[in-house]
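Q: I would like to learn how to read strands, sheets and helix packing from a model. Please take one feature at a time.

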Amino acid sequence: MSADDQQRAGDRPILAVEDLAVHYGAGRRRQSVLDGVSLSVARGETVGIIGETGSGKSTFARTVLGLVRAGRGRILIDGEDVARHKPRQWQALRRRGVVQYVFQDPLRSLDPDLTIEDSLVEPLLVRGMRRPEAVERARAYLGRVRLDEDLLPRLPGELSGGQRQRVAVARALVAEPGLIILDEPVSALDSANRVGVLEILKGLRDSGVALLFISHDLGSVAGIADRIAVLYQGRFVEVGAARDVVNTPRHPYTRLLVGSAPTLRSAAAARARREELRALLRT
Amino acid sequence: MTTTQADRDLVAATDVGDSPTATPTPRPLPADEVVLAVRDVRIRDNVGDREIVHGVTFELRPGQAVGIVGESGSGKTLTCRAALGILPEHFTVSGGTIEIAGEDIAGLTPARWTALRGSTISAVFQDPGSYLNPSLRVGAQIAEVVRVKAGLRRRAARARAVELLAAVRLRDPELVYGQYPHELSGGMLQRVLIAAAIAAGPRVLIADEATTALDVTVQAEVLDLLADLRERTGLALVVVSHDLAVVAQVCDEVLVLRDGEVVEQGPTEQVLYQPRHAYTRMLIDEHEQYGLERFLDADADADADADADAGTGAEADADADGGRAGAPARDREFDGVR
């Protein structure tokens with residue numbers, strides 16, 4: 001189904017990426033990172049992208065956010081093709097706040113010199129909301145990420161890593177976007193905070209916002225994604241319902257990925273299986 | 001390329017073990033010889049004036065693997081460092097004994113330590129990049145170890161280094177030999193470090209968080225390599241990790257260390273399935289909370305491969321036909337790279 005077909009009515013996806021190619025460098029140094037990838041995210045849907053170092057997953061996120069230039073293909077955000085947007089157009093798009101983001105290091109998505117309150121209300125003030133109203137909303141969203149409003153006058157540097165990442169999620173939410181892109185949002189957190197943030201993300205599923213959750217860790221995505229897309233060497237090698245991808249992986253790489261996750265179960269058989277899959281991927 | 005084919009042959013030769021120089025010389029060892037004995041070892045911080053490790057005991061025979069699990073600060077790394085004779089300043093072994101291949105380390109001279117390290121006991125750590133000189137080709141660095149430890153001449157040392165790179169399953173060992181550390185991925189670097197660690201044919205290899213910084217498929221590759229070396233050469237392993245599951249992949253016996261105390265110790269199966277200590281149970285719970293197992297259907301583990309190979313059931317068949325529009329719930333796109 002092409003994006004044109006879907007454009008009718010409100011079942012248009014919040015994000016549709018079609019045949020996207022991205023490369024770095026030029027001439028002999030040209031290196032293809034994404035090699036014609038397509039993926040769509042429906043309104044309110046949670047899609048996980050799984051990939052390891054060098055798979056192109058962060059490039060995918062950064063291209064959709066306009067931080068990396070698309071070489072080829074279309075990126076439809078709520079129906080608008082942004083792949084060839086000029087900086088000014090990106091600026092206007094960001095101001096509308098349709099797409100928000102959360103990075104691995106919350107200090108990257110929070111201004112270190114702004115108090116938590118200012119960070120949270122800024123996107124609302126930019127869109128013309130009056131401050132008292134904006135602060136009211138900021139408080140509400142801080143509650144949604146299970147943080148106390150005592151934190152509002154603090155600076156990001158005064159918060160723990162887990163708290164900061166929750167603030168980053170709240171900041172992404174206040175603008176009430178259609179889509180939040182999360183790039184390794186829990187990878188830098190210890191296990192208790194990881195579980196906490198994953199619970200919060202899971203809780204967002206009913207709020208109507210779509211999530212694109214990018215991670216190297218199948219375990220953290222499997223619990224909250226409706227669908228999982230597996231990125232390997234710049235291509236999606238498998239896309240399917242989360243439960244199916246985890247339980248009946250079909251592509252050799254996905255099978256290797258599932259089979260490589262350290263398990264508390266017996267390991268000897270798994271070793272032989274992995275060896276076969278590696279041989280398969282090499283050819 | 002002919003070199004590549006020759007290298008493949010070399011790897012193959014290494015596999016069956018009919019090339020005596022290809023693998024780290026598996027010396028004939030009596031199977032019951034204890035290659036590393038750690039007995040009630042206590043480690044003291046002389047500056048803080050307190051005991052950090054309160055009695056660790058285990059024995060390793062050729063081909064055995066013992067795992068030490070614990071958080072940072074539990075004393076697992078100090079225990080390893082004590083066995084390698086490289087405790088940080090101010091730390092001393094304040095009780096118990098450590099024997100390497102029957103030799104008590106308490107009275108070892110620096111010269112004797114130098115002889116033991118590498119050739120009898122060896123180690124790899126978390127950040128492989130920091131153990132290599134960034135301005136030297138990796139092959140030359142391994143050849144140097146071979147030259148010094150095994151006393152080979154330059155040309156022979158070079159050949160041996162290439163063999164070692166093949167033995168750790170690097171696909172193009174000649175190519176890797178001439179590369180600089182920054183040109184290699186984390187997984188490749190860790191293999192290079194393992195190659196250097198086994199260069200002098202040690203009997204014990206300590207892997208301290210050696211796979212922690214790696215991607216999950218690469219971690220599995222390195223763990224499989226260790227298991228493989230253990231089977232092929234009788235190398236005994238000490239695998240140290242904060243992750244119980246990682247240790248469970250490779251080891252026969254597990255020690256759970258907490259605040260310097262061994263809270264649980266026993267055969268891996270027993271520790272995993274009948275944990276006695278609350279802390280061990282917590283580690284298992286934690287793994288189950290965000291590990292992948294939680295999302296695996298009860299019987300999928302065993303059947304996954306059969307399904308994927310044969311395509312059991314109507315649903316799988318529909319997918320195999322290309323996921324037609326009629327099956328939206330299972331519309332799996334497929335981009336074969338076979």
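**Reading strands, sheets and helix pairs**

A: Strand 6 (residues 99–102) of chain A and strand 7 of chain A are paired in the parallel sense over four bridges. Two strands count as paired if DSSP finds at least two bridges between them, and helices (H or I, at least four residues) and strands (E, at least two) are DSSP runs, numbered from the N terminus. This is a predicted model, in which local features need pLDDT of at least 70, side-chain atom pairs count only at pLDDT 80 or more, and totals for chains, interfaces and linings use all residues. Residues are numbered from 1 along each chain as its sequence is written, chains are lettered from A and ligands numbered from 1 in the order in which they are written, and side-chain values use heavy atoms, with hydrogens and water left out.

Q: Which residue is the bridge partner of A:Q100 in strand 7 of chain A?

A: In general, strands of a sheet pair through backbone hydrogen bonds, either parallel or antiparallel. Here A:Q100 has A:I180 as its bridge partner. Strand 7 of chain A also pairs with strand 8 (residues 210–215) of chain A, in the parallel sense and over five bridges; there the partner of A:D183 is A:I214.

Q: Why is strand 7 of chain A described as largely enclosed?

A: Five of the five residues of strand 7 (residues 179–183) of chain A are buried, so the rest of the structure largely encloses it. Buried means under 20% relative accessible area (1.4 Å probe, protein chains only). A:L179, A:I181 and A:D183 cover one side, and A:I180 and A:L182 the other.

Q: What order do the strands of the open sheet in chain A have?

A: The four strands have the order 2-1-4-5, with antiparallel pairing. Its edge strands are strand 2 (31–41) and strand 5 (80–81) of chain A, each pairing on one side only. Strand 1 (residues 15–24) of chain A is joined to strand 2 of chain A by eight bridges, and A:V22 stands opposite A:L34 in strand 2. Helix 2 (residues 57–64) of chain A packs on the sheet, touching strand 1, strand 2 and strand 4 (72–77) of chain A.

Q: What is the strand order of the open sheet in chain B?

A: An open sheet of four strands in chain B has the order 2-1-4-5, with antiparallel pairing. Strand 2 (50–60) and strand 5 (103–104) of chain B are the edge strands. Eight bridges link strand 1 (residues 36–45) and strand 4 (residues 91–100) of chain B, with B:T97 as the partner of B:R39.

Q: At what angle do the axes of helix 7 and helix 8 of chain B cross?

A: Two packed helices are described by the angle between their axes and the distance between the axes. The axes of helix 7 (residues 186–197) and helix 8 (residues 216–233) of chain B come within 10 Å and cross at roughly 20°. That makes helix 7 of chain B roughly parallel to helix 8 of chain B, a word used for angles under 35 degrees. Axes are lines fitted to C-alpha atoms, for helices over the stretch in contact, and angles run from 0 to 180 degrees between N-to-C directions. Contact means heavy atoms within 4.5 Å. B:G187, B:Q190, B:R191 and B:I194 in helix 7 of chain B meet residues of helix 8 of chain B, including B:V218 and B:L229.

Conventions
Buried means under 20% relative accessible area, exposed over 50%, partly exposed in between (1.4 Å probe, protein chains only). Angles under 35 degrees count as roughly parallel, over 145 as roughly antiparallel, 65 to 115 as roughly perpendicular and the rest as oblique.
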